[in-house]
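Please keep the view open while reading.

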Amino acid sequence: AGTLLVQNSLVKGNSAPDASFGLGGAISASNLTTSLQIVSSVFDGNSAQLGGGAVYSLATNTTAFNSTFARNTASANLGGGALNVPGASLSIDRSWITENSVGAPGGGIQFTGNTLTLTRTTLDNNIATRGSGVSHAGNGTSSLRNNTFSGNQSTFGSGALSVADTAQAVVQFNTFYGNSASGGGRAVQNIGFGTVSIEASLLVT
């Protein structure tokens, strides 16, 4: 077990092109990693074949603070234009996730772990089949508070935020505007058996 810290760094133009192992264009953290910490850093223009254009993390705890994820791409399959996190927990605060794309769910973030916490973050102009900002699947819980979702595009399904399977989500004080989707539900999509609670939020076309 160990810690991976990325701080005050520019991580740009890396790729993981392998059709079988292409996860995490810039960073791939294994399940032996206790903590992946990203602080005041920029991930720009990274790519991965399978998922997690910038970051793929199986770490127990993955955190990002005051960081930017821009123009990262993943081709298909596992999703996550910028981040794909099946690890136990993901926490992102005061960050910017913009212009990332994937031919699968999760233009900005694909999360399939236990606990997702997203606060004071802007997700804009990301593209995915569904969950163009955030896709949360599995049986975990997510808390989204004081975030802005704008200009995100879902090309096949719906939702700047998509919640699937038995995942639970609490959405508080968020703003959704100018998002688009081919299947309706441009702001939020619940396609599973879990509960999505939206409180004191603004949803604008």
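1. Start at Val55. Its bridge partner in β12 is Leu83. This is a predicted model. The two strands involved are β8 (residues 55–57) and β12, which pair in the parallel sense over two bridges.

2. Now widen the view to the sheet around that pair. Seven strands form an open sheet, in the order β4-β8-β12-β16-β20-β24-β28, and the pairing is parallel. At the edges stand β4 and β28 (188–190). Each has a single partner strand, so one side of each is left without a neighbour in the sheet. From one strand to the next, the twist averages 5 degrees.

3. Another open sheet has eight strands. Its order is β1-β5-β9-β13-β17-β21-β25-β29, with parallel pairing. Which strands stand at the edges? They are β1 (2–7) and β29 (196–199); each has a single partner strand, so one side of each lacks a neighbour in the sheet. Neighbouring strands here are turned by 5 degrees against each other on average, direction ignored.

4. Ile92 stands opposite Leu118 in β17. In general, strands of a sheet pair through backbone hydrogen bonds, either parallel or antiparallel.

5. The largest nonpolar core has 35 residues. Phe43, Val55, Phe69 and Ile109 have the most contacts inside this core. Several strands each supply at least two of its residues, among them β4 (27–29), β5 (33–39), β12 (83–85), β13 (89–93) and β16 (109–111). Others on that list include β17 (115–119), β24 (161–163) and β25 (168–172). As a general point, nonpolar side chains tend to be buried together in soluble globular proteins.

6. How many aromatic pairs does a search of the whole structure find? It finds two. In one, the rings of Phe43 and Phe69 have their centres 5.2 Å apart and their planes at 15 degrees, so the pair is stacked. Phe43 lies in strand β6 (residues 42–44) and Phe69 in strand β10, so the pair ties together parts 26 residues apart in sequence. Phe43 is buried, with a relative accessible area of 0%. Phe69 is buried too, with a relative accessible area of 0%.

7. The other pair is Phe149 with Phe176. Their ring centres are 4.6 Å apart and their planes are at 10 degrees, so this pair is stacked. Phe149 belongs to strand β22 (residues 148–150) and Phe176 to strand β26 (residues 175–177), so the pair ties together parts 27 residues apart in sequence. Phe149 and Phe176 are both buried.

8. Back to Phe69 and its surroundings. Leaving aside neighbours within four places in sequence, Phe69 is in contact with residues including Ile38, Phe43, Ala54, Val55, Leu83, Trp96 and Ile97.

9. Finally, check Asn72. Where is its place? Asn72 is in the loop between β10 (68–70) and β11 (73–74). Is Asn72 buried or exposed? Asn72 is buried, with a relative accessible area of 0%. A polar atom of its side chain lies 2.9 Å from the backbone nitrogen of Asn46. The backbone nitrogen of Gly45 lies 3.5 Å from a polar atom of the Asn72 side chain. Beyond neighbours within four places in sequence, the contacts of Asn72 include Phe43, Asp44, Gly53, Ala82, Glu99 and Ser101.

Technical notes: Residues numbered from 1 in each chain as written. Predicted model: local features only at pLDDT ≥ 70, side-chain atom pairs only at ≥ 80, totals over all residues. Heavy atoms only, no water. Core = buried A, V, L, I, M, F, W, Y, C linked by side-chain atoms within 4.5 Å. Buried < 20%, exposed > 50% of the residue type's maximum accessible area, 1.4 Å probe, protein only. Helix = DSSP H or I, 4+ residues; strand = E, 2+ residues; numbered from the N terminus. Contact = heavy atoms within 4.5 Å. Polar contact = N/O pair within 3.5 Å; in protein donor to acceptor, adjacent residues only side chain to side chain. Phe/Tyr/Trp six-rings, centres within 6.5 Å; stacked < 30°, edge-to-face > 60°. Pairing = 2+ DSSP bridges. Axes fitted to C-alpha atoms, helices over the stretch in contact; angles between N-to-C directions.
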